[in-house]
Amino acid sequence: MYAIEVERLTKIYGKGETAVTAISDATFQVRPGELVAILGPSGSGKTTLLTAIGLINEPTHGKVVIDGAAVADEGWLPGLDLKRLRREKLGFIFQAHNLIPFLTALENVMIALEINRLTRREATERATELLASLNLGHRLHSYPTALSGGESQRVAIARALANRPKVILADEPTAALDTENGRNVMALLKKLAVENHSAILVVTHDRRMVEGFDRIFRVSDGRIVGEDGNGISRDFT
Ligand SMILES: Nc1ncnc2c1ncn2[C@@H]1O[C@H](COP(=O)(O)OP(=O)(O)OP(=O)(O)O)[C@@H](O)[C@H]1O
Ligand SMILES: [Mg+2]
């Protein structure tokens, strides 16, 4: 079984003369445990692709299946609980990190775990371990306003990964980070792919991060124009 199946996915924003086709006819599958990079110029449709797969941006045409659940076929399938599917199957890492301002770093991660029925003690252990692996062991009790941009980003990453989701969607997760922290994030993603068999799609421009990926999709003008195994770095500019 695939973790992500996309067939002829198309997303058109707007109607008539001002319509923009942001993703056109994308077809691919991602297996559990695969780490896939999405590369392409600004405006090529990378974020649209992630959000259409991620149950936040309704596809205009085509099919999407997430972890065995059909979610879209010419638009969302009727009767879906999108919120619940997102919570149970998906982990998102976006650049706007939306930490809850009145909770500490640790509590921001724990809240994702408590919603999913872990005990408080288990949640504390898991959240502490995740934050430590992202170099935030010394910031557990800091509030978001006291964190740097890169630290906030890593807390948001810990929160997105806390429940070991089957599908992880990340939009430039390392862009705001220095080399060491960028590597830690990639190592954590790789670990989740291997140990938890999560399928992971990562939009990146970051050539430092290319080594860990199993496959690379290149997007141009709304189309997936190429797919490479690893070992290809000529596309990074
Ligand atoms: N909500 C929207 N309404 C209308 N057009 C949109 C909307 N979101 C994106 N677009 C358009 O769709 C196209 C693809 O945008 P998208 O954000 O997916 O690109 P991207 O590859 O993520 O770019 P970047 O690297 O700059 O983040 C662009 O032409 C953009 O202007
Ligand atoms: Mg984008």
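Q: Hi! Is H5 mostly covered or exposed?
A: Mostly covered: 11 of the 13 residues of H5 are buried. Buried here requires 20 or more other C-beta atoms within 10 Å of a residue's own, exposed 12 or fewer, and partly exposed lies in between, with C-beta atoms placed from the backbone. This is a predicted model, where local features need pLDDT of at least 70, side-chain atom pairs count only at pLDDT 80 or more, and totals for chains, interfaces and linings use all residues. Residues are numbered from 1 along each chain as its sequence is written, while chains are lettered from A and ligands numbered from 1 in the order in which they are written.

Q: Which residues of H5 are buried?
A: Among them are Glu 151, Arg 154, Ala 158 and Leu 161.

Q: Switching to the ligand, what surrounds ligand 1?
A: The shell includes Tyr 13, Val 20, Gly 43, Lys 46 and Thr 47. A residue qualifies if its C-beta atom, placed from the backbone, lies within 6 Å.

Q: Where does the largest share of that shell come from?
A: From H1, with three residues. Strand S2 (20-30) and helix H1 (46-53) each supply at least two. Helices (H or I, at least four residues) and strands (E, at least two) are DSSP runs, numbered from the N terminus.

Q: What is Ile 200 in contact with?
A: Leaving aside neighbours within four places in sequence, its contacts include Leu 35, Ile 168 and Leu 192. Contact requires C-beta atoms, placed from the backbone, within 7 Å.

Q: Last one: where is Asp 81 found?
A: In the loop between strand S5 (69-73) and helix H2 (82-89). Asp 81 counts as exposed because it has 9 C-beta neighbours inside 10 Å. Its C-alpha atom is separated by 35 Å from that of Asn 181, 100 residues apart along the chain.

Definitions and conventions: Two residues are in contact if their C-beta atoms, placed from the backbone, lie within 7 Å.
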